Amino acid sequence: MSKIEKQVLDEKLFDKIMSFYQDNQKGLELIVFVELTNNANNKAVDFYDNYNLKKRAIILANICDMPNETTKANDILELNNDIRGTLYHETSHLFTTKLLDQYIGDLNQYRTICEDCKQIEIIDKVDHMVVRPLQALMMERFDKNNQGNDFFLNKCTDVRKQVYHRLTEYQPEDKIPFEKTYIDCINLIKASASK
(Lines give C-alpha, C1' and ligand atoms only; values in the text may rest on other atoms or scores of the structure.)
Protein backbone atom coordinates (compact mmCIF):
# COMPACT_ATOMS: atom_id res chain seq x y z
CA MET A 1 0.00 0.00 0.00
CA SER A 2 1.35 3.41 -0.94
CA LYS A 3 1.73 6.22 1.58
CA ILE A 4 -1.13 8.20 0.04
CA GLU A 5 -3.48 5.21 0.10
CA LYS A 6 -2.73 4.74 3.80
CA GLN A 7 -3.33 8.44 4.49
CA VAL A 8 -6.69 8.35 2.64
CA LEU A 9 -7.75 5.30 4.68
CA ASP A 10 -6.46 6.66 8.01
CA GLU A 11 -8.28 9.98 7.54
CA LYS A 12 -11.44 8.20 6.35
CA LEU A 13 -11.67 10.62 3.43
CA PHE A 14 -13.96 8.40 1.41
CA ASP A 15 -16.32 8.11 4.39
CA LYS A 16 -16.48 11.91 4.55
CA ILE A 17 -17.14 12.14 0.82
CA MET A 18 -19.81 9.43 0.91
CA SER A 19 -21.49 11.24 3.79
CA PHE A 20 -21.30 14.54 1.89
CA TYR A 21 -23.11 13.01 -1.08
CA GLN A 22 -25.49 11.10 1.24
CA ASP A 23 -24.49 7.90 -0.52
CA ASN A 24 -24.95 4.95 1.79
CA GLN A 25 -24.78 2.19 -0.79
CA LYS A 26 -23.83 -1.07 0.82
CA GLY A 27 -20.68 -2.55 -0.66
CA LEU A 28 -19.61 0.55 -2.58
CA GLU A 29 -15.85 0.44 -2.96
CA LEU A 30 -13.75 3.52 -3.72
CA ILE A 31 -10.14 2.80 -4.62
CA VAL A 32 -7.13 5.07 -5.14
CA PHE A 33 -4.40 3.87 -7.45
CA VAL A 34 -1.17 5.83 -7.40
CA GLU A 35 0.79 6.11 -10.62
CA LEU A 36 4.24 7.60 -10.26
CA THR A 37 4.76 8.69 -13.84
CA ASN A 38 2.11 9.78 -16.24
CA ASN A 39 1.13 11.79 -19.26
CA ALA A 40 2.34 15.37 -18.82
CA ASN A 41 -1.15 16.84 -18.93
CA ASN A 42 -2.98 14.38 -16.69
CA LYS A 43 -3.17 14.76 -12.93
CA ALA A 44 -5.91 12.24 -12.20
CA VAL A 45 -8.70 10.25 -13.76
CA ASP A 46 -11.76 8.56 -12.34
CA PHE A 47 -13.64 5.59 -13.71
CA TYR A 48 -16.40 3.08 -13.08
CA ASP A 49 -16.08 -0.68 -13.40
CA ASN A 50 -18.91 -1.44 -15.84
CA TYR A 51 -19.04 -5.03 -14.58
CA ASN A 52 -19.33 -3.99 -10.95
CA LEU A 53 -21.15 -0.67 -10.47
CA LYS A 54 -20.26 -0.70 -6.78
CA LYS A 55 -16.57 -0.33 -7.60
CA ARG A 56 -15.20 3.09 -8.51
CA ALA A 57 -11.59 4.12 -8.74
CA ILE A 58 -9.36 7.16 -8.97
CA ILE A 59 -5.85 7.19 -10.33
CA LEU A 60 -3.67 9.94 -8.86
CA ALA A 61 -0.35 10.77 -10.42
CA ASN A 62 2.43 13.30 -10.37
CA ILE A 63 2.67 15.84 -13.13
CA CYS A 64 5.86 15.31 -15.08
CA ASP A 65 7.53 17.94 -17.21
CA MET A 66 7.65 15.52 -20.12
CA PRO A 67 5.57 12.34 -20.57
CA ASN A 68 8.69 10.17 -20.64
CA GLU A 69 10.41 11.72 -17.60
CA THR A 70 9.93 11.36 -13.88
CA THR A 71 10.19 14.01 -11.19
CA LYS A 72 11.97 13.85 -7.85
CA ALA A 73 8.58 13.85 -6.17
CA ASN A 74 7.64 10.58 -7.87
CA ASP A 75 9.23 8.59 -5.07
CA ILE A 76 6.72 9.79 -2.47
CA LEU A 77 3.26 11.07 -3.24
CA GLU A 78 1.74 12.59 -0.10
CA LEU A 79 -1.73 13.79 0.72
CA ASN A 80 -1.07 17.53 0.55
CA ASN A 81 -3.59 20.28 -0.30
CA ASP A 82 -3.18 19.85 -4.06
CA ILE A 83 -3.66 16.09 -3.91
CA ARG A 84 -6.63 16.47 -1.55
CA GLY A 85 -8.23 18.89 -4.01
CA THR A 86 -7.61 16.48 -6.88
CA LEU A 87 -9.05 13.63 -4.84
CA TYR A 88 -12.22 15.60 -3.98
CA HIS A 89 -12.52 16.75 -7.60
CA GLU A 90 -12.20 13.30 -9.16
CA THR A 91 -14.35 11.62 -6.54
CA SER A 92 -17.05 14.24 -7.18
CA HIS A 93 -17.18 13.17 -10.83
CA LEU A 94 -18.06 9.67 -9.64
CA PHE A 95 -21.21 11.10 -8.04
CA THR A 96 -22.09 13.90 -10.48
CA THR A 97 -21.61 12.24 -13.88
CA LYS A 98 -24.96 10.44 -13.81
CA LEU A 99 -26.70 13.59 -12.58
CA LEU A 100 -25.10 15.62 -15.35
CA ASP A 101 -26.25 13.12 -17.98
CA GLN A 102 -29.76 13.28 -16.57
CA TYR A 103 -30.14 17.06 -16.16
CA ILE A 104 -27.86 18.83 -18.66
CA GLY A 105 -30.57 18.96 -21.32
CA ASP A 106 -30.08 20.36 -24.83
CA LEU A 107 -26.42 21.28 -25.30
CA ASN A 108 -27.27 24.13 -27.67
CA GLN A 109 -28.56 26.17 -24.72
CA TYR A 110 -24.95 26.43 -23.46
CA ARG A 111 -23.47 27.88 -26.68
CA THR A 112 -23.07 31.32 -25.09
CA ILE A 113 -20.67 29.96 -22.46
CA CYS A 114 -18.77 27.76 -24.91
CA GLU A 115 -19.27 29.25 -28.37
CA ASP A 116 -17.00 27.24 -30.65
CA CYS A 117 -17.05 24.08 -28.57
CA LYS A 118 -17.80 20.55 -29.63
CA GLN A 119 -20.48 18.70 -27.68
CA ILE A 120 -17.97 16.90 -25.45
CA GLU A 121 -16.34 20.24 -24.60
CA ILE A 122 -19.70 21.75 -23.64
CA ILE A 123 -20.45 18.78 -21.39
CA ASP A 124 -17.02 19.06 -19.78
CA LYS A 125 -17.36 22.81 -19.23
CA VAL A 126 -20.81 22.53 -17.64
CA ASP A 127 -19.64 19.60 -15.53
CA HIS A 128 -16.68 21.55 -14.19
CA MET A 129 -18.84 24.59 -13.43
CA VAL A 130 -20.26 22.44 -10.63
CA VAL A 131 -17.36 20.12 -9.78
CA ARG A 132 -14.75 22.85 -9.19
CA PRO A 133 -16.96 24.67 -6.67
CA LEU A 134 -17.72 21.29 -5.07
CA GLN A 135 -13.99 20.68 -4.74
CA ALA A 136 -13.52 24.06 -3.05
CA LEU A 137 -16.45 23.43 -0.71
CA MET A 138 -15.09 20.04 0.39
CA MET A 139 -11.63 21.49 0.95
CA GLU A 140 -13.18 24.19 3.12
CA ARG A 141 -15.44 21.84 5.08
CA PHE A 142 -13.10 18.87 5.49
CA ASP A 143 -9.71 20.57 5.68
CA LYS A 144 -10.45 24.18 6.70
CA ASN A 145 -8.67 25.25 3.50
CA ASN A 146 -10.28 28.53 2.38
CA GLN A 147 -8.34 29.05 -0.84
CA GLY A 148 -11.19 27.91 -3.15
CA ASN A 149 -13.79 29.55 -0.92
CA ASP A 150 -11.93 32.87 -1.20
CA PHE A 151 -11.69 32.52 -4.97
CA PHE A 152 -15.36 31.80 -5.55
CA LEU A 153 -16.59 34.44 -3.12
CA ASN A 154 -14.13 37.25 -3.89
CA LYS A 155 -12.55 36.79 -7.33
CA CYS A 156 -14.89 34.71 -9.47
CA THR A 157 -17.12 36.81 -11.72
CA ASP A 158 -19.06 34.15 -13.63
CA VAL A 159 -21.92 31.81 -12.75
CA ARG A 160 -19.61 29.55 -10.71
CA LYS A 161 -19.89 32.16 -7.93
CA GLN A 162 -23.67 31.59 -7.81
CA VAL A 163 -23.15 27.84 -8.03
CA TYR A 164 -20.72 28.00 -5.12
CA HIS A 165 -23.19 30.06 -3.06
CA ARG A 166 -25.90 27.48 -3.75
CA LEU A 167 -23.58 24.61 -2.82
CA THR A 168 -22.67 26.29 0.48
CA GLU A 169 -26.34 26.07 1.44
CA TYR A 170 -26.23 22.28 1.02
CA GLN A 171 -25.97 20.49 4.36
CA PRO A 172 -26.07 16.67 4.15
CA GLU A 173 -27.33 16.44 7.73
CA ASP A 174 -30.51 18.27 6.65
CA LYS A 175 -31.38 15.14 4.61
CA ILE A 176 -32.23 17.16 1.50
CA PRO A 177 -30.83 15.02 -1.32
CA PHE A 178 -27.69 16.26 -3.04
CA GLU A 179 -29.51 15.72 -6.33
CA LYS A 180 -31.85 18.65 -5.55
CA THR A 181 -28.90 20.96 -4.96
CA TYR A 182 -27.26 19.69 -8.15
CA ILE A 183 -30.41 20.45 -10.15
CA ASP A 184 -30.44 23.98 -8.71
CA CYS A 185 -26.82 24.44 -9.81
CA ILE A 186 -27.53 23.21 -13.33
CA ASN A 187 -30.50 25.57 -13.51
CA LEU A 188 -28.27 28.48 -12.49
CA ILE A 189 -25.89 27.57 -15.32
CA LYS A 190 -28.78 27.29 -17.80
CA ALA A 191 -30.11 30.70 -16.74
CA SER A 192 -26.67 32.25 -17.08
CA ALA A 193 -26.22 30.75 -20.54
CA SER A 194 -29.56 32.14 -21.71
CA LYS A 195 -28.57 35.76 -20.99
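Here is a walk through the pocket, the aromatic pairs and the salt bridges of this predicted model.

Let's start with the largest pocket, which holds about 390 Å³ of space. Its lining is made up of 16 residues, and the ones nearest its centre are Asp82, Gly85, Gln135, Met139 and Gln147. Three helices, α3 (81-103), α4 (119-143) and α5 (147-155), each put at least two residues into that lining. The largest share comes from α3, with 6 residues.

The side chains of Arg84 and Asp143 meet at 3.5 Å, N to O. Since Arg84 sits in α3 and Asp143 in α4, this contact ties together parts of the chain 59 residues apart in sequence. Arg84 is buried, at 11% relative accessible area, while Asp143 has 21% and so counts as partly exposed, because the cut-off for buried is under 20%.

Now for the rings. There are 11 aromatic pairs in the model. Take Phe20 and Phe178: their ring centres are 6.3 Å apart and their planes make an angle of 50°, so this pair is tilted. It links distant parts of the chain, with Phe20 in α2 (residues 13-20) and Phe178 in α7 (residues 178-193), 158 residues apart. Both Phe20 and Phe178 are buried. They also belong to one aromatic cluster, together with Tyr21, Tyr88, Phe95, Phe142, Tyr170 and Tyr182.

Phe152 and Tyr164 make a stacked pair, 5.4 Å centre to centre with 15° between the planes. Phe152 lies in α5 and Tyr164 in α6 (residues 160-169), so here the pair ties together parts 12 residues apart in sequence. Both Phe152 and Tyr164 are buried as well.

Back to charges: the model has 7 salt bridges. One of them joins the side chains of Arg160 and Asp158 at 2.9 Å, N to O. Arg160 is buried at 19% relative accessible area, whereas Asp158 is partly exposed at 33%.

Another salt bridge pairs Glu169 with Arg166, at 3.4 Å from N to O. Both residues lie in α6, 3 residues apart, or about one turn of the helix. Glu169 is exposed, with 53% relative accessible area, but Arg166 is buried at 15%.

Conventions: Residues numbered from 1 in each chain as written. Predicted model: local features only at pLDDT ≥ 70, side-chain atom pairs only at ≥ 80, totals over all residues. Heavy atoms only, no water. 1 Å grid on protein atoms, 1.4 Å probe; cavity = no way out; pocket = protein on both sides within 12 Å on 5 of 7 lines; lining within 4 Å. Points joined across faces, edges and corners; volume = space filled by probe spheres on them. Helix = DSSP H or I, 4+ residues; strand = E, 2+ residues; numbered from the N terminus. Phe/Tyr/Trp six-rings, centres within 6.5 Å; stacked < 30°, edge-to-face > 60°. Buried < 20%, exposed > 50% of the residue type's maximum accessible area, 1.4 Å probe, protein only. Salt bridge = Lys/Arg side-chain N within 4 Å of Asp/Glu carboxyl O.
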